Amino acid sequence: MFSSGQNREGGIVIAPASLESCPALVLNADYRPLSYYPLSLWPWQDSIKAVFLDRVVTVSEYDRVVHSPNFEMRLPSVVCLKAYVRPPRHPAFTRFNLFLRDKFSCQYCGSDSDLTFDHLIPRSRGGQTTWDNVVTACSTCNLKKGGEMPRVAKMWPAQSPFRPTIGDLHRRGRSFPPNYLHDSWLDFLYWDIELEA
Ligand SMILES: [Zn+2]
């Protein structure tokens, strides 16, 4: 349907320098990112589809153009949903979000390398894999604690594990921004840093 170069793949023609590097930042109808963790990004195919379905407004574009026999358009770099989606108050329980809650540091020794996660109350003793029983730990500490209870291992986390809000992660996220941010996204990210600093 769309083309932008020489290589034909499944009816879509794409350039060798891949379009995969052209995701669109997705904003909620209030012009704030639909999600921070992970950052709401759509592959270019999805953003174009949403434009055609009239579900989004294109806020900013890449220089990159895609063609079909009937038209050509620049790839959106920022799109905004027309209908507001109520954001969840609590972020998903994922490895990344857990590490972010714990600032990417072992809760036992403070190391920031070779991170994994540790069950405060071991699974073998009925401990659950939940926000309030799992902490970030380096492999060494994880191994050292093994299947013991904290008081037996004499290992306590720097902070008691808790279920963070989106706001908690957002505050921590400023210290750990994603590796890649397109210039056109910056107006919509971290705009409240100074307000809360
Ligand atoms: Zn450690």
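The buried residues of helix H1 pack against strands E3, E4, E5 and E6. A quick word on the source: this is a predicted model, where local features need pLDDT of at least 70, side-chain atom pairs count only at pLDDT 80 or more, and totals for chains, interfaces and linings use all residues. Residues are numbered from 1 along each chain as its sequence is written.

So who are these buried residues? In H1 they include Trp44, Ser47, Ile48 and Ala50; buried means 20 or more other C-beta atoms within 10 Å of the residue's own, with C-beta atoms placed from the backbone. Looking down the axis of H1, its buried residues fall within an arc of 160°, so they line one face of the helix. That arc is taken over the directions from the helix axis to the C-beta atoms. Helices here are DSSP runs of H or I with at least four residues, strands are E runs of at least two, and both are numbered from the N terminus.

Now the sheet, friends. Four strands make an open, mixed sheet in the order E4-E3-E6-E5, where pairing takes at least two DSSP bridges between two strands. At its edges sit E4 (41-42) and E5, each pairing on one side only. E3 and E6 pair in the parallel sense over three bridges, and Leu27 stands opposite Cys80 in E6.

Methods:
A residue is buried if 20 or more other C-beta atoms lie within 10 Å of its own, exposed if 12 or fewer, and partly exposed in between; C-beta atoms are placed from the backbone. Two residues are in contact if their C-beta atoms, placed from the backbone, lie within 7 Å.
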